[in-house]
Amino acid sequence: MYVTTVKPGVVELRLVGFDVLRRVQMPRKAGGGFLKVPVALREDATPFVRDYRTIPHQLTLGATLSGKSMYLRHLIAGLAPQPVALVGIDCKRGVELAPFAARLSALATDPEQAAELLPVLVKEMEDRYDLIKARQGIAPGIPDEEITSDIWGLPEEERPVPIVLFVDEVAELFLVATRKDEERRDEMVTQLIRLAQLGRAAGIYLEVCGQRFGAELGKGATMLRAQLTGRVCHRVNDEASAKMALGDIAPEAVYAACAIAPERPGLAVAGDTSGGWSRIRTPYLSLGDAAEICRESAHLMPDLPALKPFRPDVPLLPPVEAPVSLVKPRPVTD
Ligand SMILES: Nc1ncnc2c1ncn2[C@@H]1O[C@H](COP(=O)(O)OP(=O)(O)OP(=O)(O)O)[C@@H](O)[C@H]1O
Ligand SMILES: [Mg+2]
């Protein structure tokens, strides 16, 4: 039984007679909307909504095969039909995000490309701050950190389109072999921190996921993590990983994350804005269906000239999910 306070004097009691997270079915009225994606179900049978305007940046952690990419897949499919630019960094050579290429304004599939893409995003953010300053009559010399207004205060016809940056497997992005790589990595961490610190007002949101996110990722990693205030932790292999995701939210949340069974991929513990936490699970969404949604909404891709050089090639055939798919491939009609 779940008890929620609706308003003073009124409580809502929810009786859930069976385990709704065993086979997840999202309720019809799931509370989606502009920059709001109902991405999973809570164990009290209410939808868990990823709301970018309330929680701009999120970190999703979990061991391999725990369901992180499925979580991202839902977000991409949910945002694709909206006027939002989607940008991907997937240093596993694009295996996770390339199937969504038709709807991606930019895609980096290795650290070299990411190192070129990130400064362009930072520049885009700074341009947006300049636009806000010009519109509000703020002197150009005022540092961006001191600006309190955001793109939502701009008239609609001048308002830049929101950008969501997806980073799948953040550790791959920060992997270094040489001294020179190390410099590049530190630069990228700095750029990501800057995007996280100032992105919200410019309508730029970060969705970062990885197997671990600790000091081993290098200088600045802890600072970056602190900026990613939304937290979702899938199954982990050790308590240390769960602590990285939820330690600063609630100790019981850490135990709950450590108790997730491998038979239930997609099950996770999500930190709440209220300081609480809940158990959630994504429904199943096949890669083919998510890619189809991206192809169907490809025409909605906003025009962002700065990102043009990073537009991914669109594969000619829909992706086939490993190991075998019974769906016959068919050509893309453009
Ligand atoms: N909610 C879910 N319901 C059913 N199956 C799921 C769910 N989430 C994930 N899976 C399945 O579990 C497997 C692993 O999921 P996914 O690829 O998202 O994991 P991952 O955490 O991204 O792993 P990796 O770190 O290796 O990339 C996939 O085969 C996926 O189809
Ligand atoms: Mg993955």
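Student: Why are helices α6 and α7 called oblique to each other?

Tutor: In this predicted model, the axes of α6 (residues 239-246) and α7 (residues 251-258) come within 9 Å and cross at roughly 135°, where axes are lines fitted to C-alpha atoms, for helices over the stretch in contact, and angles run from 0 to 180 degrees between N-to-C directions. Angles under 35 degrees count as roughly parallel, over 145 as roughly antiparallel, 65 to 115 as roughly perpendicular and the rest as oblique, and α6 and α7 are therefore oblique.

Student: Which residues make the contact of α6 with α7, and what is the hand of the crossing?

Tutor: Glu239, Ala242, Lys243, Ala245 and Leu246 of α6 meet Ala253, Val254, Ala257 and Cys258 of α7, contact requiring C-beta atoms, placed from the backbone, within 7 Å. The crossing is right-handed, the term for a near helix turned clockwise from the far one by less than a right angle, with anticlockwise giving left-handed. The contact of α6 with α7 holds seven nonpolar, no polar and two charged residues, with Ala, Val, Leu, Ile, Met, Phe, Trp, Tyr, Cys and Pro as nonpolar, Asp, Glu, Lys and Arg as charged, and the others, Gly among them, as polar.

Student: How do you know whether α2 and α4 are roughly parallel or roughly antiparallel?

Tutor: The axes of α2 (residues 111-136) and α4 (residues 179-202) come within 9 Å and cross at roughly 30°, and α2 and α4 are therefore roughly parallel. Here α2 passes α4 in a left-handed crossing. The residues that meet include Leu118, Leu121 and Met125 in α2 and Met188, Leu192 and Leu195 in α4, and the classes of the contact of α2 with α4 are 14 nonpolar, two polar and four charged.

Student: Which element gives the largest share of the shell around ligand 1?

Tutor: Helix α1 (residues 68-79) does, with three residues. The shell has 14 residues, the closest being Gly67, Ser69, Met70, Pro265 and Gly266, and they divide into four nonpolar, eight polar and two charged.

Student: How do you know whether the radius of gyration agrees with a compact globule?

Tutor: For 334 residues a compact globule would have a radius of gyration near 20 Å, and the chain has 20 Å, so the two agree. The C-alpha trace spans about 55 × 55 × 45 Å along its principal axes.

Student: What conventions apply to the numbering and to the confidence of the model?

Tutor: Residues are numbered from 1 along each chain as its sequence is written, while chains are lettered from A and ligands numbered from 1 in the order in which they are written. Because the model is predicted, local features need pLDDT of at least 70 and side-chain atom pairs count only at pLDDT 80 or more, whereas totals for chains, interfaces and linings use all residues.

How values were computed:
Helices (H or I, at least four residues) and strands (E, at least two) are DSSP runs, numbered from the N terminus. Two residues are in contact if their C-beta atoms, placed from the backbone, lie within 7 Å. A residue is near a molecule or strand if its C-beta atom, placed from the backbone, lies within 6 Å of it. The radius of gyration is taken over C-alpha atoms; the globule rule is 2.2 Å times the number of residues to the power 0.38.
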